[in-house]
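Have the structure open and follow along.

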Amino acid sequence: MQTHNLGYPRIGSHRELKKACEQYWSGKIGFSELLSVGESIRKENWTLQKEAGIDLIPSNDFSLYDQVLDMSLMVGAIPERYHEVILQKGGNELDLYFAMARGYQQNGLDITAMEMTKWFDTNYHYIVPEFTKNQEFKLFSTKAIKEFVEAKQLGIVTKPVLIGPVSYLLLGKEKEAGFDRIDLIKNLLPVYFEILKKLDQLHVEYVQFDEPFLAMDLTEKEQNAYSYVYGEIKKAFPSLKIILANYFDCFGENLEIALSLPVHTLHLDLVRCPSQLDDILDSGKLKANVNLSLGVVDGRNIWKNDFQKSLSLIEKAVHKIGAARIWIAPSCSLIHSPCDLDLETNEATLPAEVKQWLAFAKQKIAEVVALKKLAENNKELEVLEEFSQNVLAIASRKSSTLIHNPQVKDRVKAIVKTDDQRKSVFSIRQTKQKAALNLPLFPTTTIGSFPQTTEVRSWRARFKKGDLTKEAYEKLLEDETKDSILWQEEIGMDVLVHGEFERNDMVEYFGEQLAGFAFTKFGWVQSYGSRCVKPPIIYGDVYRPEPMTVRWSAFSQSLTEKPVKGMLTGPVTILQWSFVRNDQPRSQTCTQIALAIRDEVVDLEKAGIGVIQIDEPAIREGLPLRKADWQTYLGWAVRAFRISASGVKDETQIHTHMCYSEFNDIIQNIADMDADVITIECSRSQMELLDAFAEFNYPNEIGPGVYDIHSPRVPSKSEMIALMEKAKAVIPAANLWVNPDCGLKTRHWEETRKALIEMVSAAKKLREAVAEPVS
């Protein structure tokens with residue numbers, strides 16, 4: 001029996017990678033200093049896993065920005081617009097890499113970033129590969145080879161991890177019509193062969209191919225591509241041991257294909273889909289020379305493994321095929337988990353009773369090793385003690401009085417149909433809202449947050465440490481808020497925001513004020529690039545003890561005659577971007593959160609706030625991987641949003657925001673949310689995402705983002721006008737808003753001011769064009 005790990009967090013226990021990348025981008029450190037930080041993190045990760053007792057440790061699971069972007073660079077899938085970057089004075093592979101991720105605006109060049117979207121149903125964002133009809137691939141980066149050698153020099157023999165060729169193509173997009181990206185497989189495979197040949201020459205024994213699309217609905221052509229790819233690899237490298245990793249769901253309709261592939265080991269996610277173990281063991285189609293990797297430790301949530309439950313699965317597999325063919329692993333890469341629970345020492349935010357129920361990446365590695373020892377009937381005292389402690393912790397959680405609140409459960413049961421419906425249909429509401437708000441054509445707004453400077457963050461840190469009184473802290477925030485309101489008025493913004501200077505994170509801020517949540521200090525996970533989030537932990541029933549945002553929204557509205565948006569995070573996003581309790585259906589937890597947000601919406605309206613935004617960027621990412629399961633999820637998710645938004649009068653305008661999502665397949669469900677205004681990401685996709693709304697004839701108002709806030713480049717007025725002209729061609733002008741793609745918290749003020757001034761100017765130009773008589 002062996003243990004292995006699919007991937008380890010690459011940000012560092014104290015976000016060392018984030019800090020180094022941002023210093024590099026700002027010119028504070030150089031190329032070699034950044035690479036040195038990466039090398040240090042890799043060494044720490046490999047050493048930790050080796051010392052814990054992991055038999056097969058991954059390499060090439062580290063990334064400076066994104067593993068899919070790494071693969072694009074490796075196979076030379078570099079869009080033509082970036083070719084000049086590496087030729088610029090001082091340009092190098094790293095500059096090219098970051099230009100693809102973040103855009104490039106220097107040395108006389110102005111190049112947009114590649115598109116970004118969610119990694120399956122997680123909150124991780126990847127850089128979408130771009131493919132053309134006659135796409136050529138060539139080996140450009142040898143990162144996977146270098147990192148294997150680097151680990152070997154440390155005395156650690158690793159298994160390189162590669163995104164599988166089929167999944168890599170399916171992760172991308174065709175950038176011209178007339179072909180299917182899967183048809184590029186014969187162009188792509190020779191580059192993989194070059195990589196594998198170099199690894200083979202280094203006597204690499206195992207290579208892990210991540211093929212998560214085996215958990216998705218696949219066409220016959222796509223299924224056949226798997227047979228072709230792995231058949232060719234087996235012929236070319238007969239002695240190489242391929243670990244085929246699927247995760248986030250069952251193999252489903254792809255099980256027969258997966259079982260037919262000539263691989264050494266098949267990895268199963270038994271956290272998301274424990275039933276597939278029986279399907280495989282009872283199928284009679286598992287080849288006698290194929291091992292099973294049992295993903296029994298949850299790679300995506302933070303709850304301690306239930307050893308008894310995991311051991312029953314392991315023992316079932318051992319009984320059927322023998323211990324020698326069983327590997328034990330996390331369900332997926334641990335990049336979705338925080339690094340180390342041992343760093344959490346603040347009982348005020350993470351009570352000891354709750355902490356004993358948790359495991360982060362380091363602890364999950366220990367669980368994998370412990371499960372192997374227990375499964376092998378190891379009688380070592382420390383293992384037996386670990387088992388008994390695990391049983392006690394699992395039992396403690398089930399019986400804890402912290403978890404259950406009868407009043408919350410009763411309120412959920414008391415919901416009636418009218419609780420998720422606005423008083424009137426949108427057409428009536430729109431008329432009333434136009435009269436109440438008196439906004440111009442193409443009204444401008446932002447998505448909510450403004451840059452959180454080092455100074456603003458220092459105030460929060462000092463306040464939390466007790467170095468600033470509450471009165472002094474709030475006075476600083478009031479001054480910052482007032483400045484932002486006055487500046488928005490000055491540049492001519494139509495619907496203002498207060499800037500959210502009091503908030504740390506769009507989910508954590510609300511979780512801190514809701515019952516049933518716990519928090520960490522170092523529980524960071526990567527969202528994209530250098531962006532890390534610290535998801536709250538939902539351990540119990542959720543309710544709102546008191547108003548959360550009314551104080552700052554009301555203060556901001558008192559400073560201006562223009563409408564100021566109340567800014568809230570929606571129930572589905574709070575759910576998706578938290579570590580969620582796994583002892584009740586997610587739908588029930590989401591409904592509890594929806595009722596808490598509803599209370600806040602009603603209180604904002606009572607305080608005179610006429611525009612309220614309930615952000616739901618996570619609606620799309622929460623979709624199950626298979627379409628057959630979508631409507632069940634969408635039913636309760638859309639209902640939760642409507643419950644949160646439906647307690648107000650017609651004149652109150654409800655906005656929602658979604659970003660980096662494909663909307664085509666769920667456009668009816670988005671319409672069913674019945675938000676008065678929806679704002680979406682559109683700039684990176686050059687308004688492509690708007691096509692779904694146009695074809696559907698979406699009835700409500702839309703703000704298609706014209707300014708990519710995930711890139712430091714400042715778009716020009718003409719660029720934004722051009723994007724809005726595309727929007728105006730498919731959406732009625734009366735229903736269009738002008739806004740950035742997302743919140744501006746992570747940007748700097750200098751670029752933000754320039755971009756928003758250009759954006760307001762673009763909106764004015766659009767109004768003038770509509771007002772001009774047609775000759």
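In what order do the three strands of the open sheet stand? Keep in mind that this is a predicted model.

The order is S15-S18-S20, and the pairing is mixed. Strands of a sheet pair through backbone hydrogen bonds, and they can do that either parallel or antiparallel.

Now check the edges. Strand S15 (515-518) and strand S20 (579-580) sit there with a single partner strand each, so one side of each has no neighbour in the sheet. Strand S18 (residues 537-543) pairs with S20 in the parallel sense, over two bridges. To spot this pairing, find isoleucine 538: it stands opposite valine 580 in S20.

## A helix across the strands

Next, pick out helix H22, which covers residues 586-606. H22 lies across S18 and S20, and it runs at about 55° to S18.

## Two helices side by side

Two packed helices are described by the angle between their axes and the distance between the axes.

Who makes the contact? From H17 come Val456, Trp459, Arg460 and Phe463, while H18 brings Lys470, Tyr473, Leu476, Leu477 and Glu480. Sorted by class, this contact of H17 with H18 has six nonpolar residues, three charged ones and no polar ones.

How values were computed. Residues numbered from 1 in each chain as written. Predicted model: local features only at pLDDT ≥ 70, side-chain atom pairs only at ≥ 80, totals over all residues. Heavy atoms only, no water. Contact = heavy atoms within 4.5 Å. Helix = DSSP H or I, 4+ residues; strand = E, 2+ residues; numbered from the N terminus. Nonpolar A, V, L, I, M, F, W, Y, C, P; charged D, E, K, R; others polar. Pairing = 2+ DSSP bridges. Axes fitted to C-alpha atoms, helices over the stretch in contact; angles between N-to-C directions.
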